[in-house]
Amino acid sequence: MVIFGVTGDLARKKVVPAIYDLANRGLLPPNFALVGFARRDWDDAAFAEEVLQVVKEHSRTPFRQPIWDRLADGCRFVEGTFDDEAGFTRLAEVLDKLDAERGIGGNRAFYYAIPPKGFPTVCEQLDKAGLAEAHDDSWSRVVIEKPFGHDLDSARELNRVANSVFPEDSVFRIDHYLGKETVQNILALRFANQLFEIGRASCRERV
């Protein structure tokens, strides 16, 4: 998994801890690799140390050294900006090397933990670097965090850009706040409450 914007709050407080929690529950393969892409002047060791601190501070499952050691072994960092073609060339080289070292088989997930204005640029850069295209039995997927556009027209344009690079079944749009307890309570109130169901049916009959 490649995380763009890995130094931001979303990645630090949500995405990276969730990756460790998956590993802790045995839901990630042993050869899983985590690649951070950001402007920081870090090497792989500095990135792994940053991830370690984030994991200890924000993960929901207990810290276990063997799990961390396995995860840290696959941590890599690429310095670059979204409009820097050289940075994406370096990213491609790192991913090719990980394929050879860890037997990942070309499977790649790109997570956009970045401001919405950067979504189209990163899509286009991945396309130019040849990273969006899947080969043989491998897959290449993109996860785009909310907000997906600021109105209907901008959402359609973002869909157009994403689908010009990734096929629709490889584009995942996510809003992690839909998993919050308050939102889940609203869903339960709406769909598990007979009073509301009766009211909805009554409105349909009147129409």
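Predicted model: local features only at pLDDT ≥ 70, side-chain atom pairs only at ≥ 80, totals over all residues.
Contact here means heavy atoms within 4.5 Å.

Residues are numbered from 1 along each chain as its sequence is written, and side-chain values use heavy atoms, with hydrogens and water left out.

**The whole chain**

Start with the protein chain coloured by secondary structure. It has 8 helices and 6 strands; these are DSSP runs numbered from the N terminus, helices being H or I with at least four residues and strands E with at least two. Along the sequence the elements run β-α-β-α-α-β-α-β-α-β-α-β-α-α. Of the 207 residues, 39% count as buried (under 20% relative accessible area, with exposed meaning over 50% and partly exposed in between; 1.4 Å probe, protein chains only).

Select Tyr111, in strand 4 (residues 108–112). Its relative accessibility is 8%, so Tyr111 counts as buried. Now show what surrounds Tyr111. Leaving out neighbours within four places in sequence, Tyr111 is in contact with Met1, Val2, Ile3, Phe4, Val15, Val143, Glu145 and Ile174. For a distance across the fold, pick the C-alpha atoms of Tyr111 and Gly5: they are 8.7 Å apart, although 106 residues separate the two along the chain.

Next select Glu145, in strand 5 (residues 140–145). Glu145 is buried, because its relative accessible area is 2%. Which side chain does the side chain of Glu145 meet in a polar contact? That of Tyr111, at 3.0 Å. A polar contact is a pair of N or O atoms within 3.5 Å; within protein, one must be able to donate a hydrogen and the other to accept it, and residues adjacent in sequence count only if both atoms are side-chain atoms.

Two packed helices are described by the angle between their axes and the distance between the axes. Axes are lines fitted to C-alpha atoms, for helices over the stretch in contact, and angles run from 0 to 180 degrees between N-to-C directions.

Select helix 1 (residues 9–24) and helix 3 (residues 65–72), which pack at about 120° with their axes 10 Å apart. The two are therefore oblique to each other (under 35 degrees is roughly parallel, over 145 roughly antiparallel, 65 to 115 roughly perpendicular, and the rest oblique). Show Ile19, Tyr20, Ala23 and Asn24 of helix 1 with Ile67, Trp68, Arg70 and Leu71 of helix 3: these residues make the contact.

The side chain of Asp99 makes a polar contact of 3.0 Å with the side chain of Arg108. Not counting residues up to four places away in sequence, Asp99 touches Ile104, Gly105, Gly106 and Arg108.

To see the contact, show Glu85, Phe88 and Leu91 of helix 4 and Val122, Gln125, Leu126 and Lys128 of helix 5.
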